[in-house]
Amino acid sequence: MFGLRLGFDDPRYLLLLAIVPLVVAIAYRRLAPLGRVRRWVALGVRVSVMTGVILALAGVQLVWVTDRVTVVYLLDQSDSIPAPVRRQMLDFATAAARQHRDQAREDRVGMIVFGREAAVEIPPLDSDLPPLRRLDGNLGRTDATNLEAALKLAQATMPEDSRRRIVIISDGNETVGDARTAIARLSESGIGVDVLPVPLTATSEVVVEKIDLPTDVRQGQMIDARVVISNETAPGRTDPVTGRLSVTRAFGGQTELLLDQPIELLPGKNVLPLRHQINEAAPYTYEAKFIPDFPEDDAIPQNNTATGYSYARGQGRVLVIRPAGASGSPTGDDRMLTALRQAEIETVVQTTDSLFGSIAELQAYDAVILDGVPRTVGDAADSILGFTDEQIEILVRNTQQLGCGLLMTGGPEAFGAGGWTGTKLEEAMPVDFQIKSLKVNSVGALQLVLDTSGSMHGESITLCKAAAIGAVRQLQPSDYIGVMTFDSVPHEIVPLQRVGKRTHIIPRISRITADGGTDLFPAMEKAFLSLRKADAATKHMIILTDGQTPPNRFQELTTRIREAGITVTGVAVGPHADVQLMSQIAGIGGGKVYHVTSPKAIPKILMREARRVSRGLIHEDSSGFVPEITYPHVVLSGLGSSPPPLTGFVMTTPKSNPLVQTVLTAPVPAGQINPLLSVWQYGLGRSAVLTTDSGERWATDWLAWPGYEKFFEQLVRWLMRPTGDTGNFSIATQVRDGEVQVIVTALDPSDEFLNFLSMNASVLDPDLKPVPLSIRQTAPGRYVGSFPADAAGNYFVNVLPQPGAAPLTTGVTVSYSAEYRLRATDVGLLSTLAESRPRGGEPGQVLDPLSGDDPTAAAGRSDPFRGGLANARSIRDVWPWAVLAACWLFLADVFVRRVSIGMGWVSTAWGTLRGRRPDDNQVTLRLDSLHETKRRLADSIQRKQAESRYEPSGDAGRDPQRSAAASAGNSVSGPSGDAFGPPAANGSASASNGGIAAEPEDRLSYTERLLEAKRRGNRPK
């Protein structure tokens, strides 16, 4: 039911209504001339104007009050709720809405499902819930219970023009968020909460809780590990649970089986010892897995696996990564590796065909060297290998967050010439791989000719666009790029132009779509005509197609392209591509041909081929040049002599950052800074670039340099993660309630507590995302911090206890979410939520637990659409309308007072409508009256004109001399002998001596009369 009433934002202004009677009393006397009717009409309008203005000042509002109820059901769909129980929850909500919703009152009902996140399954509608068989909400992950998110979403979803109630159907075991903080906001908003507990069936359950390992051990140490397994049996069961336990450990890309045997688990906790030896200095990841002999003995299989992490320390270790097939393989012994090993720095060589797979593998190394490595290597389509985006991210995070050193050395396929431009790795280096100097004229031009016919739809066109964007990012800003697509006709997506900042190019490529036929020749010819005009030292064209194209003069066109100094590479995708044509084009065009069966190889091929136009980044001088020392860094201390001449390097640009230190530069090309050795601090680690090689091609003279070994030793040691004795600092971790607690104990050499330390810490989650961690002192010598661990996997913690100290590094493994731990229903939390009192209402109810009985019968025992909540109000401001009405009424007030409207026409019109004919005598009288009125009006106008017209006297306007003569004549010969003779008729005078008569006034002009009047006015009195 609805109720409508007025409300006011500031009712104090209503006191102004007291002056309305006074205004009426004053106006009543002043408006008396208007007559009785007009006076009362004017008074009514004036009072309305004043009332409207006063109501607007008071902020008048319309308030709708309703007792309509909106109910939203929150259904827990996390993994702790068995599937049959979820079905009962849905049936309960549907039945309750059907039985209790008041259709006449237009009650609303909706549904929200939640796990780790919450989603709206059915928005609040004034109809019953449909009989759903399953839920289609996009829940996302269900490995957690987030009641807080569900409550917030329900509040945001429910309309405010009704009374509101939430019904929670859950086991109450929240693992993410805090529902108690959300319930306070709901109560303040007047939202009531009912809860329906979901009982968890007591069944047998086996939980592999953890692998207990020392976090920091030494190489060759014998350690005792323990596997902790809980057997939570059903009530009344005493026999053990049988199954098989296997334990493995992984290190250095290898997996080793430590244990695989049958076991019996007694009720309660079972601790199984595992004694073994650590033979290599490396990070170790352990995994323990239990498989029951009978599936009914284990209700939740997700908690049958636990993982652990331990790190075995050794001497300083460095990982050297080189291209596959290059010298310096794991059994090789080149000069740089020899120098490092002689300095007692252990080196491990990896090639690009056997790269690391996780950040845990890199924790065994204190520095990583990319020795002349391109991003992609290989010539054939099936042999192209390289760094994935994930592996690049691992390298960067390992340096920035965990303090590992990172060094890149030069070579013909390194830095920008190796396809590293635009990657995350470039961000971690002290130089940019792009050349920003306008004095560098080695410019390349790349033209992409891509098949976008209908057969390239789906994954093919998506990967093709991604590959084209990746190729664009590898180019320098001064390079040229053009993108031509073709189906039945060519389409110039990106006309050949400078790469610049790429912001205008990448969106165009992203909008490419696939449709139509296949005709390569027009697009290839058009691309050639555009590319040959480019002023570039290197010009390259890449053609990609997945089908057959009509025959044409491809041989002739390719010959013309090659003669213009342009190389052509052909990429045939799929089984239906014209491999023979692509081979012919690539053979004549001086490029390569690739035949791939899967479009997933396209990005690596295009990125490798795009490097052809980056060869201009290499500066070579056969006569050699001597490096210049521009910064006295510790890396160069004690070398005995300056570095020998070099014959080449890869050009880069120093970053504009005060942390960058450019130690060595090349004097050529002149007029710009050419870094040879640059270093900087990047996060918790250090990174450096040596843009020349280590002696294979450009630094051959360095091999005979006495300072060679010491140079590389000092450079690598400066980069390495600080190692050695951590003093009296120790670090420990524990996982509890979805959080990892980090505990650091600090003692001085005398075993006294170290207090007031400012510790820096960093954490990487399993997705290599940084997690904030703040360490604070909580007791003498004790420092504690915590961070959320809501995802299963390995977390890496790095703590720097104080400046100059070795970092404390450890790993934490979260095997599975707390959702998979068998727990009882949290009735306490659910009761707390229901007991909250909404503003203006009554507390909610705790319904009978949802058991195995009929959900329809259970739904009838409680009415969620009942009262007990404050009526909802909907307010709308109407004071602007009051102002508008007052303005119109003010105009009406003026009209009533100024305009008199006769009402005689009303009776006449009424008589006409009744058919009464007018009387002829009355018509005649009316006409006579009109004539008389007209005559009186005309007389009145004539009188007013006569009164306002000026009539001069008799002598006005005459000539003075003539007037004087006339006066003299009259005085001499007047017949009566008087001084003045009598006036003549018509206002004139006559002279007896024949003489002169005065001119009549009627003959004077209007102007003459005005002049005469002026003279008379100026005459002295």
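Predicted model: local features only at pLDDT ≥ 70, side-chain atom pairs only at ≥ 80, totals over all residues.
Local features need pLDDT of at least 70 and side-chain atom pairs count only at pLDDT 80 or more, while totals for chains, interfaces and linings use all residues. Residues are numbered from 1 along each chain as its sequence is written, and side-chain values use heavy atoms, without hydrogens or water.

**Exercise 1.** State which residues of helix α17 are buried, and what they pack against.

Solution. Helices are DSSP runs of H or I, at least four residues, and strands are runs of E, at least two, numbered from the N terminus. Helix α17 spans residues 827–835, and L829, L830, S831, L833 and A834 are buried there (under 20% relative accessible area, 1.4 Å probe, protein chains only). These buried residues pack against α4 (147–157), β6 (163–170), α5 (179–188) and β7 (191–197), with contact meaning heavy atoms within 4.5 Å.

**Exercise 2.** Find which residues of the largest nonpolar core touch the most other members.

Solution. A nonpolar core joins buried Ala, Val, Leu, Ile, Met, Phe, Trp, Tyr and Cys residues through side-chain atoms within 4.5 Å. The largest has 67 residues, and I321, L370, F387 and M408 touch the most other members. Next, list neighbours of I321, leaving out residues up to four places away in sequence: among them are L355, F356, L370 and F387. Another core, of 39 residues, lies apart and includes V320 and W705.

**Exercise 3.** Determine which element gives the largest share of the lining of the largest pocket.

Solution. The largest share, six residues, comes from β36. By class, the lining has 14 nonpolar, twelve polar and twelve charged residues.

Methods. Buried < 20%, exposed > 50% of the residue type's maximum accessible area, 1.4 Å probe, protein only. Nonpolar A, V, L, I, M, F, W, Y, C, P; charged D, E, K, R; others polar.
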